[in-house]
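Welcome! Here is a short briefing to read alongside the model. Please have the sequence and the 3D view open as you go.

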Amino acid sequence: MMLFNRDRDRPWKFGLTTILFLILAFYVKAQNAYVAFLDSSVIDVVQKDQSNGRMLFWRGVATLMEPKMIIVWTVILAFLLWGFKFKIPAVWCLATLAGGDVVAYVVKDLVQRARPAGHLAIDNGYSFPSGHVFGTFLLMAMIWLILIPMIATPWRAWLVRLIVIVWIIMVMISRIYVGAHFPTDTIGALLLAYLWLQIAQGLYIRLAPVMKRWPLLTHSEL
């Protein structure tokens with residue numbers, strides 16, 4: 001049994017997500033007034049009650065999911081999958097993150113959105129989309145698609161799903177709270193990550209049976 005099944009709705013998911021992302025990226029690039037109003041309104045709410053304790057907490061959340069740490073977590077996940085004979089899924093995880101990082105970098109360079117005023121010096125580079133949120137979504141998607149189906153007890157599986165969703169939202173909030181990103185940066189990151197995930201799943205379905213013939217991957221689960 002293959003990890004991912006063919007999804008007849010994938011073209012619709014891909015197409016709709018692409019349209020939404022391109023529209024958002026266009027308006028962000030054009031510095032649209034409505035986007036600016038939306039961003040400022042959300043920022044006012046998220047940053048309303050700031051304190052040293054809250055700042056420390058949200059910076060901690062962001063640190064756990066910074067791009068370099070996402071690589072570490074993904075390598076650990078791939079190592080565990082490889083050890084349990086899920087070698088092709090392990091390779092897929094690493095390739096999905098690596099390819100996604102390239103896609104996110106290219107988009108950042110194309111849109112070239114400056115970060116919010118007053119952001120921390122450590123948060124350099126362009127702002128759209130959020131690398132933290134992009135990487136977090138991909139890592140959580142790997143957990144959702146590969147690990148959660150292995151949980152035999154339904155209520156435990158749903159509990160983990162809930163934790164995954166809450167964690168993604170917390171990372172989004174953390175990037176806004178510390179002033180590293182605009183809210184639309186985090187939304188754009190979700191759309192782009194989901195878009196890339198659809199491509200990565202489609203590639204897995206096509207390439208996994210071929211990869212299983214490779215000597216190193218012969219005994220891998222699909």
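Which residues are buried in α7? They are Ala157, Arg161, Val164, Ile168, Met170, Val171, Met172, Ser174, Arg175, Ile176 and Tyr177, where buried means under 20% relative accessible area, exposed over 50% and partly exposed in between, using a 1.4 Å probe and protein chains only. This is a predicted model, in which local features need pLDDT of at least 70, side-chain atom pairs count only at pLDDT 80 or more, and totals for chains, interfaces and linings use all residues. Residues are numbered from 1 along each chain as its sequence is written, and side-chain values use heavy atoms, with hydrogens and water left out.

**Helix α7**

- Helices are DSSP runs of H or I with at least four residues, numbered from the N terminus.
- The cover over the buried residues of α7 includes α2, α3, α6 and α8.
- After α7 comes Gly179, with a positive phi near 80 degrees.

**Where α2 meets α7**

- The axes of α2 (residues 33-46) and α7 (residues 154-177) come within 9 Å and cross at roughly 95 degrees. Axes here are lines fitted to C-alpha atoms, for helices over the stretch in contact, and angles run from 0 to 180 degrees between N-to-C directions.
- Val42, Ile43 and Val46 of α2 make the contact with Ile173, Ile176 and Tyr177 of α7; contact means heavy atoms within 4.5 Å.
- Sorted by class, this contact has six nonpolar, no polar and no charged residues. Ala, Val, Leu, Ile, Met, Phe, Trp, Tyr, Cys and Pro count as nonpolar, Asp, Glu, Lys and Arg as charged, and the others, Gly among them, as polar.

**The largest nonpolar core**

- A nonpolar core is a set of buried Ala, Val, Leu, Ile, Met, Phe, Trp, Tyr and Cys residues joined through side-chain atoms within 4.5 Å.
- The largest one has 53 residues, and Trp92 and Phe128 touch the most other members.
- Two or more residues of this core come from each of α1 (10-29), α3 (52-64), α4 (67-83), α5 (87-111), α6 (131-147), α7 and α8 (183-211).
- α8 gives the largest share of this core, 11 residues.
- Leaving out residues up to four places away in sequence, Phe128 touches several residues, including Phe21, Leu24, Val107, Arg113 and Thr184.

**Loops and backbone details**

- The peptide bond from Phe128 to Pro129 is cis, with omega near -5 degrees, and Pro129 is found in the loop between α5 and α6.
- Gln112 lies in the loop between α5 and α6 as well. Gln112 has a positive phi of about 55 degrees although it is not a glycine, and is partly exposed at 42% relative accessible area.
- Gln31, in the loop between α1 and α2, has a positive phi of about 55 degrees and is not a glycine. Its 70% relative accessibility makes Gln31 count as exposed.

- Val75 lies in helix α4 and counts as partly exposed, at 45% relative accessibility.
- Val75 and Val91 are 16 residues apart along the chain, and their C-alpha atoms are separated by 9.7 Å.
- α5 has 25 residues and reaches 36 Å from its first C-alpha to its last, close to the 36 Å expected at 1.5 Å a residue.

How values were computed. The expected span of a helix is 1.5 Å times one less than its number of residues.
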